[in-house]
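Morning, everyone. Let me put the structure up, and then I'll walk you through it.

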Amino acid sequence: MEGKAIKYGDNVDTDVIIPARFLNTSDPKELALHCMEDIDKNFKNKVNKGDIMVAGYNFGCGSSREHAPLAIKESGISCVIAKSFARIFYRNSINIGLPILECSDAVDAIEEGDLISIDTESGSIKNITKGEIYKSQPFPDFIKEIINNGGLINYVKGKVK
Amino acid sequence: MGLTLTQKILSHKVGHPVHAGELIEADVDMVLGNDVTAPVAIREFKKIGVDVFDKNKIALVPDHFVPNKDIKSAEQVNIVRKFAREYGIVNFFEVGQMGIEHALLPEKGLVLPGEIAIGADSHTCTYGAISCFSTGVGSTDMACAMATGKAWFKVPEAIKFNLKGKLSKWVSGKDVILYIIGKIGVDGALYKSMEFTGDLSSLSIDDRFTIANMAIEAGAKNGIFEFDEITEDYIKERANREYKVFKADEDAIYSEVYEIDLSEIKPQVAFPHLPENTKSIDEVKDIKIDQVVIGSCTNGRMEDMKITYEILKGKKVHPDVRLLIFPATQDIYLESIKKGYIEEFIKAGAAVSTPTCGPCLGGHMGILAKGERAISTTNRNFVGRMGHTESEVYLASPAVAAASAIKGYIASPEEVV
């Protein structure tokens, strides 16, 4: 996956990713219309398919609303890189098939607008603009299995049938 | 190698000792969803194409946008209602019988010590108060658990909070957890358990619910208390099935240990826009407020109603302030009526509501306008949490919130009683 970086700071919470006033629907397309709007009114206009979201510590803290990773994914973001993720956001992203990587070096080095390419299998993050490579921990096998099955639903489907 | 309390519960479920970092799949005793998260879970569940694993072990509590605030939220609740009827879900709670999910489930005995409860709501960690392993998950997790009765977990490391001393007057569970989050930060317990041990005798069960409820605000997977007589007193009239009590091993391994002297904690206030921005009440000066909210899954329980009553009795809410009070369940509401609390709230000038999460998440019933400030007993004060992105939410106990409602600025209970 390849795209330009859109960068935010620490403790980006689920309320700013998708404010509660829009949670009276669960339609991903409608949610995407309001994604990030309380932290970045311009997000909807600047995001392009494949773009990479980059953020600091504790990304996705707060609510368990799966609407948050759904809105990000539906907006066209192909991967989120952060210094750390809040745990429910982490598992929600895995479960719905939104790749996320923890890598402090990448977050420190990447600037808004840099062109980034990512290999989630190896955890390698390439900054094409700067000509740098950062390494994140690849996923454990169990998580890879969920992702390779296209998310938790398919993984479970395969097991119950 | 010794195991923490959480690891002991997980080990029992899996049938062998499990250690921090291990990925496991475990049977769950309760799966919870609300009107925001369950519709997504139902959509995903139907893709699996099986029946629910157990009609008795799923709880559906529409509580966020109820009584429905608009047509869209009515449609969301209707998805949940129809699903509950179609699949014969025993624990579906309609408006009029319901309560805010995390107050309701323990009250009804639907979660018990030594069990595993997962809920598609981040504050599911509340049941750690009664020594249950409970944690928030997403809708897809909920969907899969409804189908299989199982969920995946990474076995957490734990931070031990060794408590000693007794709480001072006007200090409650809310102050304890705000104090701790102020100390360790909003990611201080990321991916970990917060285990509370030591001298728990001055912490009532309601204090413990409040503390465990906000473990997620420190990033924790769960917060959990050791079982004692106070837990047993609460459980014994509610449990309709056997439960098991676990204890951390003497040689359990903790990533950190904090010694907390409860007697040193003063009433706390968390400033915008993170629960970690805490100050003790004597450091808070001249913060005028427009709205006060007392209630929610954090502080809408019987003790919260009682302390609010004691502070408001015979007094008036400041003319520039709107005071909104939300008993967390129908039983708490009814008990508050019987005790005469509600009458005093209304005489003081408060608006009292049927149970709903509405104002806590900026859903409805108490939205803030641009530039407005609220003090609230809820659990989050993120940007725009209760309304306009240029409004502010301060978090505190019901005692501080009630005192502030009278004074018109953030005040200590000592100023009014």
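This is a predicted model: local features need pLDDT of at least 70, side-chain atom pairs count only at pLDDT 80 or more; totals for chains, interfaces and linings use all residues.

First, the interface. Chain A puts 46 residues into the contact, and chain B puts in 49. Between them the chains bury about 3,900 Å². Carbon and sulfur atoms account for 59% of that area. Which residues of chain A lose the most area to chain B? They are Asn24(A), Arg87(A) and Arg91(A). Together they make up 20% of what the chain A side buries.

Now the polar side of things. The rule finds 22 residue pairs in polar contact across the interface, both partners at pLDDT 80 or more. It also finds four salt bridges there. Take Glu25(B) and Lys159(A): their side chains meet in a salt bridge, 3.1 Å from N to O. Several helices of chain A each supply at least two residues to the side that touches chain B, among them H5 (87-96) and H8 (152-160). By class, that side of chain A has 21 nonpolar, twelve polar and 13 charged residues.

Next, over to chain B, and helix H8, residues 229-236. Thr231(B), Tyr234(B) and Ile235(B) are buried there. Look down the axis of H8(B): the buried residues fall within an arc of 95°, so they line one face of the helix. An α-helix has 3.6 residues a turn, so residues three or four places apart point the same way. The buried residues of H8(B) pack against helices H4 (101-107) and H7 (205-213) of chain B. Glu229(B) and Lys236(B) are exposed, on the face turned away from the buried side. At the helix start, a side-chain oxygen of Asp228(B) comes to within 3.0 Å of the backbone nitrogen of Ile230(B).

How values were computed:
Residues are numbered from 1 along each chain as its sequence is written. Chains are lettered from A and ligands numbered from 1 in the order in which they are written. Side-chain values use heavy atoms; hydrogens and water are left out. Buried means under 20% relative accessible area, exposed over 50%, partly exposed in between (1.4 Å probe, protein chains only). Helices (H or I, at least four residues) and strands (E, at least two) are DSSP runs, numbered from the N terminus. The arc is that of the directions from the helix axis to the C-beta atoms. Contact means heavy atoms within 4.5 Å. A polar contact is a pair of N or O atoms within 3.5 Å; within protein, one must be able to donate a hydrogen and the other to accept it, and residues adjacent in sequence count only if both atoms are side-chain atoms. Buried area is the accessible area (1.4 Å probe) that two parts lose on being put together, summed over both. Ala, Val, Leu, Ile, Met, Phe, Trp, Tyr, Cys and Pro count as nonpolar, Asp, Glu, Lys and Arg as charged, and the others, Gly among them, as polar.
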